Amino acid sequence: MVRNKVLLLLFFLFATAIIVSWQSELVNDFSNEQKWTLVLLALAIYLWTAAPMPTGASSILLLACILAFQLVERPEEAFVGFLSPALYFILMLSIVSQALVKSGVDKVFVQILLKFSKGGAKGVLIGLPLLILYYAYYSTFSSCAF
């Protein structure tokens with residue numbers, strides 16, 4: 001309860017600072033789009049930290065605000081952040097990790113790490129990169145026909 005009040009107070013202080021600086025000389029060089037982006041940033045910080053609204057719903061609200069304030073020329077530009085290669089990498093990484101857990105391969109890696117860890121952290125720091133290099137070498141050259 002106290003945490004939410006503190007976050008709400010911080011949001012209002014941040015929003016007030018943005019509104020006051022809107023007319024001051026601090027942001028004279030900013031365009032209106034940049035000023036509205038700062039306002040949406042403050043709103044996003046509030047929604048993602050203190051609001052009882054789910055993150056997905058608040059993200060959709062922020063996208064709608066971006067479109068409503070015409071901060072982008074085309075609607076596709078508002079959604080471009082969701083098309084980041086990093087997001088696809090994280091998605092694929094989570095799918096691969098779930099497959100490794102279901103197949104039991106994760107237990108094999110844990111056993112290998114436990115063997116390396118008997119020498120302490122030094123064994124893991126030296127052994128794990130060597131294991132990765134060995135696996136990369138083996139998988140690369142085992143498929144080649146010499």
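Phe109, Ile112, Leu113, Leu128, Leu131, Ile132, Tyr134 and Tyr135 line the largest pocket. Here a pocket is an open set of points on a 1 Å grid over the protein atoms alone, with protein on both sides within 12 Å along at least five of seven lines, and lining residues have an atom within 4 Å of a point. Before we go on, note that this is a predicted model, in which local features need pLDDT of at least 70 and side-chain atom pairs count only at pLDDT 80 or more, while totals for chains, interfaces and linings use all residues. Residues are numbered from 1 along each chain as its sequence is written, and side-chain values use heavy atoms, with hydrogens and water left out.

The most comes from α7, with five residues. By class, the lining has eight nonpolar, no polar and no charged residues. (Ala, Val, Leu, Ile, Met, Phe, Trp, Tyr, Cys and Pro count as nonpolar, Asp, Glu, Lys and Arg as charged, and the others, Gly among them, as polar.) The space in the largest pocket is about 220 Å³, a volume being the space filled by probe spheres set on the grid points, which are joined across faces, edges and corners.

Now let's turn to another pair of helices. Helix α2 (residues 32–49) packs against helix α3 (residues 55–68) at an angle of about 170°, their axes 10 Å apart. That makes the two helices roughly antiparallel, a label for angles over 145 degrees. From α2, Leu40, Leu43, Ala44, Leu47 and Trp48 meet α3 residues that include Leu61, Leu62, Cys65 and Ile66; contact means heavy atoms within 4.5 Å. This contact has nine nonpolar, three polar and no charged residues.

Of its eleven lining residues, Leu40, Ala44, Trp48, Leu62 and Ile66 lie nearest its centre. Helix α2 gives the most to this lining, with five residues, and the lining as a whole has nine nonpolar, two polar and no charged residues.

Finally, look for the rings. The count comes to one aromatic pair, where rings of Phe, Tyr and Trp (its six-membered ring) pair if their centres lie within 6.5 Å. Trp36 and Phe69 are stacked, at 4.3 Å centre to centre with 20° between the planes; stacked means planes under 30 degrees apart. Trp36 sits in helix α2 and Phe69 in the loop between α3 and α4 (75–78), so the pair links parts of the chain 33 residues apart.

Notes. Axes are lines fitted to C-alpha atoms, for helices over the stretch in contact, and angles run from 0 to 180 degrees between N-to-C directions. Helices (H or I, at least four residues) and strands (E, at least two) are DSSP runs, numbered from the N terminus. Angles under 35 degrees count as roughly parallel, over 145 as roughly antiparallel, 65 to 115 as roughly perpendicular and the rest as oblique. On a 1 Å grid over the protein atoms alone, a cavity is a set of points where a 1.4 Å probe fits but cannot get out, and a pocket is an open set with protein on both sides within 12 Å along at least five of seven lines; lining residues have an atom within 4 Å of a point. Rings of Phe, Tyr and Trp (its six-membered ring) pair if their centres lie within 6.5 Å; planes under 30 degrees apart count as stacked, over 60 as edge-to-face and the rest as tilted.
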